[in-house]
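Let's take a walk through this protein together.

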There are 2 protein chains.
Amino acid sequence: MTPPARGFPPEEFRARTRKAQHLMGEAGLSALLLTTPPEVCYYTGFLTQFWESPTRPWFVIVPERGDPVAVIPTIGASLMGRTWITDIRTWTSPNYADDGIGLLAEALRELVQEGGRIGVADGMESHLRMPLAGFSRLKAALDSRDISSDAAITRRLRLVKSDAEIEKIRRATGIADRAFARVGEIARAGVPLGEVSRRFQGLCLAEGADWVPYLASAAGAGGYGDVISPATEAALVPGDVMMLDTGLVWDGYFCDFDRNYSVGPAAQAVREGHARLVEASAAAFDAAKPGATIRDLFQAMRPFIGSSGDTGRLGHGLGLQLTEWPSILAEDETVLEAGMVLTLEPLVEVSPGKILVHEENIVIRPTGAEYLSQPQNAEIRVV
Amino acid sequence: MTPPARGFPPEEFRARTRKAQHLMGEAGLSALLLTTPPEVCYYTGFLTQFWESPTRPWFVIVPERGDPVAVIPTIGASLMGRTWITDIRTWTSPNYADDGIGLLAEALRELVQEGGRIGVADGMESHLRMPLAGFSRLKAALDSRDISSDAAITRRLRLVKSDAEIEKIRRATGIADRAFARVGEIARAGVPLGEVSRRFQGLCLAEGADWVPYLASAAGAGGYGDVISPATEAALVPGDVMMLDTGLVWDGYFCDFDRNYSVGPAAQAVREGHARLVEASAAAFDAAKPGATIRDLFQAMRPFIGSSGDTGRLGHGLGLQLTEWPSILAEDETVLEAGMVLTLEPLVEVSPGKILVHEENIVIRPTGAEYLSQPQNAEIRVV
């Protein structure tokens with residue numbers, strides 16, 4: 001399969017920018033100030049693992065009119081210069097006296113009229129990626145301009161993916177599908193879970209992942225206790241259920257789904273629990289059509305899993321981040337639209353303290369849902 | 001080589017907490033509020049890749065007296081319960097009405113007397129990992145208690161590593177050393193840099209990395225343009241200099257160093273540039289003794305690289321993060337102490353727009369520096 005093209009044409013970034021500017025007008029905002037990797041990447045295409053270093057802040061401004069303006073450390077000028085962004089202002093960072101705040105304030109004073117409002121992401125799932133003391137200095141340097149909520153504009157735009165974005169996520173899920181199909185090569189009774197974890201990441205890379213920012217793994221007799229712990233060095237034993245949940249990245253876009261493996265023949269309760277999870281995600285898949293709500297997906301899964309899922313969500317959005325808005329909760333009334341990419345992630349408690357979790361990735365199309373991950377059948381995989 | 005034990009004994013976490021509490025007393029702080037992965041991990045040992053999901057905030061409070069208190073989503077209760085922390089308060093997250101703020105405010109009102117000051121990290125290299133709107137609600141719910149700067153207490157403590165921390169970093173650097181020694185297996189003329197990048201990450205995992213959050217790579221004739229871009233799919237050609245810079249993790253601790261490879265015989269300018277970089281880092285290594293300053297390291301490297309390094313730093317701290325305080329800059333007057341772990345990272349411009357970067361990891365010992373990475377010799381490696 002030929003991979004999709006990397007990056008996006010400038011028209012796609014320009015369209016995102018224009019949509020944001022339209023919503024900014026509605027919200028009475030004169031600019032958006034972006035500080036985090038997914039926000040910056042969404043409007044500019046600036047893609048790097050260098051965000052792993054917390055040292056330097058990075059800023060992009062979406063003004064009322066025109067294209068975004070980057071205010072960034074010099075070390076990023078070359079890479080930003082290869083995106084569609086042309087107005088790139090840099091400072092030598094780290095700078096102990098003023099790490100970009102002066103330059104950023106100057107740009108905002110230029111781009112935003114006096115009395116104007118500048119939106120920053122402040123709602124659920126958002127962070128401000130700059131030092132708080134710098135944020136205070138920035139606010140003081142804006143004269144009559146005000147910083148307020150971004151009205152979730154970027155979050156709302158990112159909720160609906162373009163076809164090009166969907167193809168990147170499909171590429172990522174395909175890589176994970178192939179890696180999951182090869183787990184028999186690396187996992188068997190006697191192998192430490194930590195070793196499986198390292199080798200599974202290797203399989204993801206061998207199958208084409210750019211990088212693997214997330215791998216949760218768990219194993220236990222008849223189920224596991226949680227799904228966020230790093231792998232231990234305990235060896236797999238017959239009767240264990242092993243779960244691998246990967247968020248690998250291709251060209252900036254994540255997949256996020258898991259597969260369960262029984263080490264040797266599975267117990268009856270495990271087989272039944274697994275089948276119920278697959279039925280649950282299939283029911284949510286069937287309910288996932290434009291016009292339905294996120295709540296409908298929750299309700300579709302609920303009969304198969306009982307109250308097991310009532311202490312958390314049963315899936316979420318997916319894209320530039322491992323998890324994105326919204327959460328599949330009974331109280332989420334988000335209306336589904338074509339282009340939304342979601343994970344369906346039911347959970348069932350097989351016995352006290354022993355859970356199984358199953359996850360698929362789907363995209364909403366005009367007439368219903370489409371699987372991005374290759375859907376798992378009811379029978380649990382065996383190694 | 002037997003790896004060091006994973007985790008730390010409770011005494012180490014308790015000692016960190018007591019030191020923080022001593023500094024809190026000096027700074028007039030009644031509590032620290034922690035929100036980011038390295039802060040939370042430093043005091044609790046809570047280690048997970050689940051931070052990759054931006055959905056949920058996580059909080060730890062270091063009170064004036066006693067042990068830290070965790071205020072976290074239910075999904076983390078099992079893992080936090082396996083650390084030394086015993087006071088763990090949880091809420092079902094995500095919660096659209098109140099995602100932990102009420103529970104956190106209640107805990108802070110209980111642990112901090114009226115009029116007391118609560119410190120949050122606000123200086124360089126810090127972020128607040130929670131939604132800004134939630135932070136505003138929190139401040140309003142604290143009655144007479146105030147949130148102010150943490151006086152960089154956690155940053156100051158993390159600057160000096162314990163022997164157990166140093167052994168974890170040594171383990172990480174050793175894994176990278178072995179992976180770098182195997183680059184000849186995966187890189188040669190004709191292979192796309194992207195393929196080298198994926199396979200090098202695989203080598204890091206095969207040699208024992210838990211995960212590989214950072215790999216920068218670059219290649220170009222006689223040098224490269226920057227060191228933060230993701231790999232392209234362009235094939236290596238004879239005369240290229242290829243650079244791989246990895247931040248891999250073992251038990252939560254990073255290494256961060258690079259190696260350069262000439263594809264076929266290296267040009268004279270490349271050989272000389274590389275030798276100068278190695279001389280520069282060796283000079284800084286010789287200067288790195290308790291009582292010397294970070295500026296001394298910068299000055300030691302400066303003669304070998306000319307003005308090439310004047311637009312950035314020449315190294316930094318290393319530990320729970322890929323890059324940590326301080327930065328090796330002419331203006332940094334931090335006094336070196338035994339236990340500090342640093343990278344030495346000189347840069348030289350070989351020809352206009354073509355740079356070479358070299359990096360080593362060292363630890364300061366009572367009588368001088370010790371290499372954690374296996375130091376590179378003057379001759380550039382050839383593939």
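## The cavity

Start with a term: on a 1 Å grid over the protein atoms alone, a cavity is a set of points where a 1.4 Å probe fits but cannot get out. Grid points are joined across faces, edges and corners, and a volume is the space filled by probe spheres set on the points. In this predicted model, there is one cavity of 30 Å³ or more. The largest cavity has a volume of about 30 Å³.

Who lines it? Chain A supplies A:Thr48, A:Gln49, A:Phe50 and A:Trp211, while chain B supplies B:Tyr214, B:Leu215, B:Ala216, B:Ile228, B:Ser229 and B:Pro230. Lining residues are those with an atom within 4 Å of a point. Strand 7 (residues 211–221) of chain B gives the largest share of that lining, three residues. A quick word on names: helices (H or I, at least four residues) and strands (E, at least two) are DSSP runs, numbered from the N terminus.

## Ground rules and confidence

Residues are numbered from 1 along each chain as its sequence is written, and chains are lettered from A and ligands numbered from 1 in the order in which they are written. Because this is a predicted model, local features need pLDDT of at least 70 and side-chain atom pairs count only at pLDDT 80 or more, while totals for chains, interfaces and linings use all residues; side-chain values use heavy atoms, with hydrogens and water left out.

Chain A averages a pLDDT (the predictor's confidence in each residue, from 0 to 100) of 97, and 100% of its residues score at least 70. For the complex, the predictor gives an ipTM of 0.97 and a pTM of 0.97.

## How the two chains sit together

Why do the copies meet through the same surface? Because 100% of the interface residues of chain B are also interface residues in chain A. Contact here means heavy atoms within 4.5 Å.

## A six-stranded sheet in chain B

Strands of a sheet pair through backbone hydrogen bonds, either parallel or antiparallel. For two strands to count as a pair, DSSP has to find at least two bridges between them. In chain B, six strands form an open sheet in the order 4-3-2-1-5-6, with mixed pairing. Strand 4 (87–91) and strand 6 (146–149) of chain B are at the edges, each with a single partner strand, so one side of each has no neighbour in the sheet. Neighbouring strands are turned by 25° against each other on average, direction ignored.

Strand 3 (residues 69–73) of chain B pairs with strand 4 of chain B in the parallel sense over five bridges, and B:Ala70 stands opposite B:Ile88 in strand 4 of chain B. Helix 4 (residues 101–111) of chain B packs on the sheet, touching strands including strand 1 and strand 5 of chain B, and makes about 5° with the direction of strand 2 of chain B. Such axes are lines fitted to C-alpha atoms, for helices over the stretch in contact, and angles run from 0 to 180 degrees between N-to-C directions. In the loop between strand 4 and helix 4 of chain B you'll find B:Pro94, which is joined to B:Ser93 by a cis peptide bond with omega about 0°.

## A five-stranded sheet in chain A

Over in chain A, an open sheet of five strands has the order 12-11-13-16-17, with antiparallel pairing. Its edge strands, strand 12 (324–327) and strand 17 (368–371) of chain A, each pair on one side only. The twist averages 35° from one strand to the next.

Strand 12 of chain A holds A:Pro326, and a cis peptide bond joins A:Trp325 and A:Pro326, with omega about -5°.

Conventions. On a 1 Å grid over the protein atoms alone, a cavity is a set of points where a 1.4 Å probe fits but cannot get out, and a pocket is an open set with protein on both sides within 12 Å along at least five of seven lines; lining residues have an atom within 4 Å of a point.
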